[in-house]
Amino acid sequence: MIDLASGEKQREDFEQLWYTLTIHGIKGRTSTAHYQIRAASAGLQQARGERLRRLNRYLRYDLPPGTNTFNLKPEQAPVCLAFVLTAQGERILVHKAYTGERNRGRPFIHILSSYNQEFQARDAISLWRASLWQTFEPELNAQGTLLPTITADVVKKYACSMAPDKSPRVQSQLPFLLQAYLTRKPGQHIYLAAPPDEIACLLQLLTRYLPASLCAGLTFSTYEYDVRTRHECLIVGTCQAPGASRPLRDVLPEECYREGLALNCYTGRQSKLEEHPDVSCFIRDVLESLSAQDAVNMTALLDEFAAEGNADNPQTFLKAYASASQSGKLSRQAMEALLRRPEQAAAQLRQRAVQAALFAACIQDRTWQESAIHPLLRQLAEVSKHNQELARALAVLAQEAMHIAFQAAQIEECNGFLMVLSLLASLSTPEPTSELWHTFYSSLPGQRLDNFIYKYWSIRQALLQLATQIFTTEEGESLRPLLSIRWPQLGPLLSLSLAREWQVIALEELIADPLSTPTASQVQQLRRHYANILASFLQYLENQPHLRDIAQKLRHKLDRGI
């Protein structure tokens, strides 16, 4: 009997394929090197016909015209990261890198392919410069010709978040990309000429500052030799030859400006865009948010539009945003005065404009939040025990704060997330009887925050330290997502004052991954900085008969990493 659920799950896993110049391929060893599939997962090794033909078109990489290959170093060559959606619902991620030096250089192409409908452009561009990508051919005894499939959750754990780029160059380029994307005509492509790192940064910012619903069909490529050949990508990038001091020619063909929307970041030339007052209002706020590193409130507002059906298309979204942006802002003095008056607070803390102003001010100045807002909210929380109207208002504020936290996590804004944790602690002391905190932690799994928590140790540390005040030792199993760590985080986690049972859960998660083995430098760091803590933990494991097998596996992993 066929397990349909299992079959669907397998379709959502990512198949892998490596392609390069080699003598080793999935069909065996050849006498001379030629371009072929070096390795692939089972689904692609067995593929015949249309699916493999769809991938064949991405198995080509050319350096920019005029590149001096004799002096070229691999890190100077442009990297291509492309994300494509096919008519069959397939998500294709293509990573192309140049490996080797001088006349021995060659491209190495790594492809991931899945039918996971939830994987979108925001997820794809977060894999820029990720360690997930293979960029050179390993020895055959280190990796044969069969690759494993990878689940979407594991792929997302490799995501890298760029720090917001506040440079004048990027801030001068982002308005064009936002306006072009929001005002383009059906079928129109956007062409960018810039170093691939800049294009990747622009794409991350684009997907960060737009509702997910407006990015649902976004496809891109950070580098193509000829932008006119990649019609399946909405945004296509290219660049000039590495090492060129100035552009010798316009790397974007004339038709890109005429038929599409094009920006050459080297020369400043760009297609003329139609003036749109609502777009100008939105772009102004984006640049202010980027400058202040405060994307969380804007993103929460945008996702609220989406939930209300106001972000189904760019026109509806821009009108809704322009209307919402007309709301006034409270000064800090006004907010403090408001929080000193329980009756006024009960009436106004339910208003979205007041909430947004409070959250924005707290994010911008955490010291002010701790010194002024925290004690005022604590006082209101005490008064609310005998004031039902105020209690309801604070409950609405807490609910919106949790929504803000989850939005901050989606765009990987740590400061906004930590602000909310502090604000919630002002409203309710973290303790086993706190209904607010139990609601918050029980909501975490449903918000798909594993990737955010996995990447940022400061977030995981804050959540685990709070959890020790809220949950009993026996409730550690419910915290398993928080206890999923990487090898560099093992020492810091063992340093936290957590129950041993929780530390064991973290270790079980770590060693269960067959692809997870510490590097020599990670083992060295672990033993240099956490030797005593690690020895104590191993001793604990070996003293528990049911944990000795885990201790042995940990020692084996550490020995393999040396």
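Is Glu 412 buried or exposed? Glu 412 is buried, with a relative accessible area of 16% (buried means under 20%, exposed over 50%, partly exposed in between, with a 1.4 Å probe and protein chains only). This is a predicted model, where local features need pLDDT of at least 70, side-chain atom pairs count only at pLDDT 80 or more, and totals for chains, interfaces and linings use all residues. Residues are numbered from 1 along each chain as its sequence is written, and side-chain values use heavy atoms, without hydrogens and water.

Glu 412 sits in the loop between helix 16 and helix 17 (helices are DSSP runs of H or I, at least four residues, numbered from the N terminus). Its phi is positive, about 60°, although it is not a glycine. Most residues other than glycine have a negative phi. Arg 129 also has a positive phi of about 60°. Arg 129 is partly exposed, at 47% relative accessibility.

Now follow helix 17 (residues 414–427). It packs against helix 18 (residues 435–443) at about 155°, with axes 10 Å apart. That makes the two helices roughly antiparallel (angles over 145 degrees).

Technical notes. Axes are lines fitted to C-alpha atoms, for helices over the stretch in contact, and angles run from 0 to 180 degrees between N-to-C directions. Angles under 35 degrees count as roughly parallel, over 145 as roughly antiparallel, 65 to 115 as roughly perpendicular and the rest as oblique.
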